[in-house]
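Subject: Structure handover

Hello,

Please find the structure below.

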Amino acid sequence: MIVHVTNRDIICQIAYTRIERDMIVCAAYAQELPKYGMKVALTNYAAAYYTGLLLAHRLLNRCGMDKIYEGQVEVTRDEYNVQSIDGQPGAFTCYLDAGLARTTTGNKVLGALKGVVDGGLPIPHNTKRFPGYDSESKEFNAGVHQKHIIGQNVAAYICYLMEEDGDAYKKRFSKYLKNNIMPDTMEVMCKKAHAATRENPVYEKKPKKDVKKKRWNRPKMPLAQKKDRVARKKAGFLRAQEWAVESQTNHHFL
């Protein structure tokens with residue numbers, strides 16, 4: 001599983017390698033999340049989680065295994081691991097490819113990993129890099145991780161700004177205000193996105209726009225038109241030669 005985080009998008013892909021190039025099996029993008037109810041914050045930890053969740057559901061749906069490996073039905077704080085079912089096709093095992101991203105504790109790449117695992121694809125991992133892990137006590141607080149998944153860490157920051165600096169809140173969260181998203185509605189929004197990605201994970205192609213292209217050069221002529229053009233030029237050239245000969249003859253007699 002390849003995860004790539006940009007300034008405006010989070011890209012999750014399932015791929016396998018060939019000598020000539022990587023072959024993409026399935027992909028999901030954070031820019032698709034508004035279709036599932038998440039209209040803002042498409043590059044934070046929660047968005048990474050739901051992009052990974054969408055990728056897992058989409059791949060299993062495409063392979064016809066979505067009814068066998070349903071994944072985590074609800075957002076809970078429990079750690080979830082997929083196991084192959086006897087008498088059924090084996091679980092679609094993947095391995096994380098973080099690229100050049102540093103897998104520090106709380107990195108968004110790990111949010112995508114958690115989403116893929118909860119979606120029903122087993123990926124070898126542990127909880128040491130998830131938000132909520134304390135390196136000193138060596139303990140993992142699953143509640144902290146759950147808050148990141150349902151956007152409660154962002155909601156807490158919004159509440160802080162609303163009390164301390166209203167101007168900064170309006171500037172940094174203008175899209176939240178535009179879409180009428182408040183701190184107390186973020187959890188509902190995330191849970192709706194969790195259910196919506198399960199109901200319809202199929203990718204819908206955008207309709208092609210009818211764009212009239214401008215030409216800056218002369219269009220290519222058909223062969224018949226080219227031959228006619230050459231014939232006309234040749235006839236004109238021969239007439240010009242005849243006129244030149246006639247003019248010289250008349251001038252000689254004079």
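Which residue of β2 does Val5 stand opposite? Val5 stands opposite Ile10.

Before the rest, two remarks on the source. This is a predicted model, in which local features need pLDDT of at least 70 and side-chain atom pairs count only at pLDDT 80 or more, while totals for chains, interfaces and linings use all residues. Residues are numbered from 1 along each chain as its sequence is written, and side-chain values use heavy atoms, with hydrogens and water left out.

Strands

Helices and strands here are DSSP runs numbered from the N terminus, with at least four residues (H or I) for a helix and at least two (E) for a strand. Two strands pair if DSSP finds at least two bridges between them. Strand β1 (residues 2–5) and strand β2 (residues 10–17) run antiparallel and are joined by four bridges. Ile2 faces Gln13 of β2 across this pairing. The two strands make a hairpin, with four residues between β1 and β2.

β2 also pairs with strand β3 (residues 22–29), in the antiparallel sense and over seven bridges. In this pairing Thr17 is opposite Asp22 of β3. Four residues link β2 to β3 in a hairpin.

Helix α3

Helix α3 covers residues 142–149 and includes Gln146. Asn141 caps its N-terminal end: a side-chain oxygen of Asn141 is 3.1 Å from the backbone nitrogen of Gly143. That is a polar contact (a pair of N or O atoms within 3.5 Å; within protein, one must be able to donate a hydrogen and the other to accept it, and residues adjacent in sequence count only if both atoms are side-chain atoms). Just after α3, Gly151 has a positive phi of about 75°.

Buried means under 20% relative accessible area, exposed over 50%, and partly exposed in between, with a 1.4 Å probe and protein chains only. The buried residues of α3 are Ala142, Gly143, His145, Gln146 and Ile149. These residues cover an arc of only 160° around the axis, so they are on the same side of α3. The arc is taken from the directions from the helix axis to the C-beta atoms. The buried residues of α3 pack against α1 (45–63), α2 (108–119), β5 (139–140) and α7 (186–199).

Gln146 is buried because its relative accessibility is 17%. Leaving out residues up to four places away in sequence, Gln146 touches Val75, Thr76 and Arg77, where contact means heavy atoms within 4.5 Å.

Aromatic rings

Rings of Phe, Tyr and Trp (its six-membered ring) pair if their centres lie within 6.5 Å; planes under 30 degrees apart count as stacked, over 60 as edge-to-face and the rest as tilted. There are six aromatic pairs in the structure. One of them is Tyr157 with Tyr160, which is stacked, at 6.5 Å centre to centre and 25° between the planes. Tyr157 and Tyr160 are three residues apart in helix α4 (residues 152–164), so about one helical turn separates them. Tyr157 is partly exposed at 34% relative accessibility, and Tyr160 is partly exposed at 48%. Tyr157 and Tyr160 form one aromatic cluster with Tyr169, Phe173 and Tyr176.

Cysteines

How many disulfides does a search of the whole structure find? It finds zero, a disulfide being a pair of cysteine sulfur atoms within 2.5 Å. Cys26 is buried at 2% relative accessibility, and Cys190 is buried with a relative accessible area of 1%.

Regards
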